[in-house]
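My notes follow in the order I made them.

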Amino acid sequence: MRYIERDLVVEAVERLCIEANYYIEDDVLNALKRSRKLETSPIGQKVLDQIIENDFIARNDSVPMCQDTGMVVVFLEIGNLIHIDYDIYDAINEGVRNGYLHGYLRKSVVKHPLDRVNTGDNTPAVIHTKIVMGNSLTITLAPKGAGSENMSLVKMLTPADGYEGVKKLVLDTIFDAKGKPCPPIIVGIGIGGTFEKCALLAKEALMRPIDDVSEDPIARKLEEELLEEINKLGIGPLGFGGTQTALAVKVNVYPCHIASLPVAVNTQCHAARHKKIVL
Amino acid sequence: MKITTPLTDEVIENLRSGDQVYITGKIYTARDAAHKRLVELLKNNQPLPFDIKGQIIYYVGPTPAKPGQVIGSAGPTTSSRMDPYTPVLLEAGLKGMIGKGERRDYVKEAIVKHKAIYFAAIGGAGALIARTIRSVKTIAYEDLGAETIRELEVVDFPAFVVNDIYGNDLMLDNISKYRMEDKNE
């Protein structure tokens with residue numbers, strides 16, 4: 001058994017909150033530069049230039065790339081050979097509290113969804129836990145902005161809707177959202193499982209590197225076709241019209257009931273922020 | 001095109017959807033909760049915390065300023081959440097709004113009727129936009145935190161005209177221009 005100190009977790013989460021908000025990952029930046037080359041709309045080109053310039057300013061000045069520094073989503077992979085004798089959720093929330101204070105990040109969480117009083121420290125995080133084999137603790141942290149999260153959707157399709165039904169649902173969802181999720185977006189799609197599982201699959205899909213492709217042949221075909229068709233919708237950067245509406249489409253699948261076809265579409269803005277650390 | 005605030009009818013008449021503008025002068029921040037309060041004041045015939053005539057409201061909730069900064073990152077938020085409040089503010093003399101995303105039809109109609117302009121700034125470009133903000137003054141509702149109404153002094157704030165007084169709509173017009181119709185069927 002390997003013991004992981006509480007302070008190690010708190011400090012890692014604090015650092016991940018700040019770095020995710022300040023420093024865009026290279027895979028996203030490269031995808032933005034690629035879409036700038038492909039964009040044919042003059043106004044879309046201007047928008048992409050400003051987005052890329054913004055990401056460089058954020059990196060160089062160590063400031064948040066976007067003012068919506070999000071609600072924190074954490075994926076924990078806890079090795080079965082590690083020992084923790086403290087409340088790990090409490091440790092993560094302490095890291096979030098420190099990160100949002102010390103990083104001058106916006107506190108965007110309300111305590112109750114209906115009376116809407118701000119918690120003042122951006123806690124609590126949304127934490128998903130998985131037990132895996134091994135003696136390490138992996139923390140993947142994603143500050144999720146509301147602009148794109150609000151354009152997401154879960155729908156229980158029927159098996160007869162099939163492959164084409166999934167495509168239609170995704171294309172309709174993206175077209176209706178237009179400029180609101182801050183395109184060029186990354187589209188995370190979860191197919192299968194149950195009502196809640198497909199939503200989680202979609203979120204996990206957004207954590208994949210931007211250039212990887214699904215190992216599942218049907219999911220891979222869907223990723224390729226949907227990317228091409230989304231970019232024919234005409235929405236373009238920020239919805240000002242253009243050919244670059246999505247940077248990538250990621251599809252994660254899971255077995256499901258004979259009578260079900262759950263589908264979740266989770267949209268991610270161009271400020272696609274997530275960072276990972278292995279303790 | 002460079003424009004200054006407050007907006008005059010002459011400037012507004014010259015703006016067309018798709019124009020890239022650089023705004024200089026004072027603009028006012030307000031988003032969801034602040035809009036609710038402003039509209040309640042107008043309903044009760046009470047004065048607003050700032051003179052709204054000819055002014056621009058920017059839909060933004062910035063991050064806290066780091067030491068040495070006047071403001072933190074300050075990109076636009078989604079405008080459509082402010083739609084229900086907007087016609088009343090236009091009626092009261094508001095002339096411009098900066099946000100992101102499209103507006104509902106009744107807002108577009110009110111924009112034409114009251115000779116106003118809807119601009120979009122680049123969503124997610126909070127660090128770039130912050131550089132154009134030179135000073136910040138708190139005007140009202142400090143209890144709202146990031147939603148406080150602030151007066152910003154901006155120089156060459158970058159934005160695009162979306163809805164003009166002639167009924168043009170950058171998003172609607174341009175999306176159909178780039179849409180390739182063979183989509184899902």
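Helices (H or I, at least four residues) and strands (E, at least two) are DSSP runs numbered from the N terminus. Angles run from 0 to 180 degrees between N-to-C directions, with axes as lines fitted to C-alpha atoms, for helices over the stretch in contact.

I noted the basis of the values. This is a predicted model, in which local features need pLDDT of at least 70 and side-chain atom pairs count only at pLDDT 80 or more, while totals for chains, interfaces and linings use all residues. Residues are numbered from 1 along each chain as its sequence is written, chains are lettered from A and ligands numbered from 1 in the order written, and side-chain values use heavy atoms, with hydrogens and water left out.

Next I traced the sheet. In chain A, 4 strands form an open sheet of mixed pairing, in the order β4-β2-β5-β10; two strands pair if DSSP finds at least two bridges between them. I found β4 (126-132) and β10 (275-278) of chain A at the edges, each pairing on one side only. From one strand to the next the twist averages 15°.

I then checked strand β2 (residues 71-79) of chain A, which runs parallel to β4(A) and is joined to it by 7 bridges. A:F75 has A:H128 in β4(A) as its bridge partner. Helix α1 (residues 6-22) of chain A also packs on the sheet, where it touches β2, β5 (137-144) and β10 of chain A (contact: heavy atoms within 4.5 Å). The direction of α1 makes about 40° with that of β5(A).

I turned to the interface. How many residues does each chain bring to the contact? Chain A gives 48 residues and chain B gives 43 residues. Between them the chains bury about 3800 Å², 60% of it on carbon and sulfur atoms; buried area is the accessible area (1.4 Å probe) that two parts lose on being put together, summed over both. A:Q67, A:Y104 and A:F240 supply 19% of the area that chain A buries against chain B, more than any other three residues.

I counted 2 salt bridges between chain A and chain B (a side-chain nitrogen of Lys or Arg within 4 Å of a carboxyl oxygen of Asp or Glu). In a salt bridge, the side chains of A:K180 and B:E102 meet at 3.4 Å, N to O.
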